[in-house]
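Reader: Before we discuss packing, could you show me the model and then take my questions one at a time?

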Amino acid sequence: MSIWPRSPAVDTHDARALRRVSLRTRLLQAVLVVAALVLLGLATASARGLDPAKPTFLPEGSGVLVMDLSLSIGEKDYADIRRTVRRLIDDDGSMGLVIFSDLAYELLPPGTPSAELRPLVRFLVARRTRQADAERSVSPWSESFSAGTRISAALELARDMLVRDKVKNGFILLVSDLITAPGDVPELARTLHTLRRQSLTIRVVPLSPLQTGRAVFETLLGKNALIEPSELRNPQRVAVKTQAPLPTGFLVLGGILLAVLATHERLAGRLGLPRTRRQPA
């Protein structure tokens, strides 16, 4: 009596006729299994070479940072501005720079590496009038850059810079308290409408804005265009893209592996019996 129980089988006296078919099937199975293991190893090695995606809160492409430095910007607002600039530096993209109050000035052209913004961070502090702060680094624009605010002029300059440099997929990042001069409100509405019509992406970081200023931008751009300063502390909450290339090699290897497995199921899933010729009656 056998120690190991046998599985149910069909009794046949033609086992020899199946040897060649059985050998061919087993050989095919072995080849497909080896191919699947090789492809799996290559796919694993390819996946290890992929860099993790780095979240960023801006669209892909080159843009212009439009920074409000008017007198209405307070100490808390400057902290949010510095946080925004540091995020741009960490994202390691490219960014032009416009600063504005009543007039707008181009400081950096589009396509400038965002690392070039780093020297400006130490100047992004509120105006100080106390004698105890006399030794603090003072912003170069703190004495003369203090008239009323015209956001429309800054946005128009940013648009002209993108057009001038023929930037594709350009965008504008406005960092402002959204307070503009009363006479500038109609022009600001026209400018925002024109930018939207030109399919130019605009993102806004509101700095302690008044409800009226926020309402203008939410109405013309939509609420999704606004990025709250508190959200900049959490990259995942404002991520709109990732700086990671499509893993073409990994996808190709995965597709071939699936094809090999499908071939195994189709050709080596079961043993085909040889056909017998019909005996003449």
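This is a predicted model: local features need pLDDT of at least 70, side-chain atom pairs count only at pLDDT 80 or more; totals for chains, interfaces and linings use all residues.

Reader: Are α4 and α5 roughly parallel or roughly antiparallel to each other?

Author: Their axes cross at roughly 30°, and angles under 35 degrees count as roughly parallel. The two helices, α4 and α5, are therefore roughly parallel to each other.

Reader: By class, which residues make up the contact of α4 with α5?

Author: On the α4 side the residues are Leu188, Ala189, Leu192 and Arg196, and they meet Phe217, Leu220 and Leu221 in α5. Sorted by class, this contact of α4 with α5 has no polar residues, one charged and six nonpolar.

Reader: Which element supplies the largest share of the largest nonpolar core?

Author: The largest nonpolar core has 26 residues, of which Leu65, Met67, Ile81, Val85, Leu97 and Leu117 touch the most other members. At least two residues of this core come from each of β2 (63–68), α2 (75–91), β3 (95–100) and β5 (171–176). The largest share, five residues, is supplied by α2.

Reader: Leaving aside neighbours within four places in sequence, which residues is Val85 in contact with?

Author: Val85 is among the residues that touch the most other members of the largest nonpolar core. Once its neighbours within four places in sequence are left aside, Val85 is in contact with Leu65, Met67, Leu117, Val121 and Leu124.

Terms used
Residues are numbered from 1 along each chain as its sequence is written. Side-chain values use heavy atoms; hydrogens and water are left out. A nonpolar core is a set of buried Ala, Val, Leu, Ile, Met, Phe, Trp, Tyr and Cys residues joined through side-chain atoms within 4.5 Å. Buried means under 20% relative accessible area, exposed over 50%, partly exposed in between (1.4 Å probe, protein chains only). Helices (H or I, at least four residues) and strands (E, at least two) are DSSP runs, numbered from the N terminus. Contact means heavy atoms within 4.5 Å. Axes are lines fitted to C-alpha atoms, for helices over the stretch in contact, and angles run from 0 to 180 degrees between N-to-C directions. Angles under 35 degrees count as roughly parallel, over 145 as roughly antiparallel, 65 to 115 as roughly perpendicular and the rest as oblique. Ala, Val, Leu, Ile, Met, Phe, Trp, Tyr, Cys and Pro count as nonpolar, Asp, Glu, Lys and Arg as charged, and the others, Gly among them, as polar.
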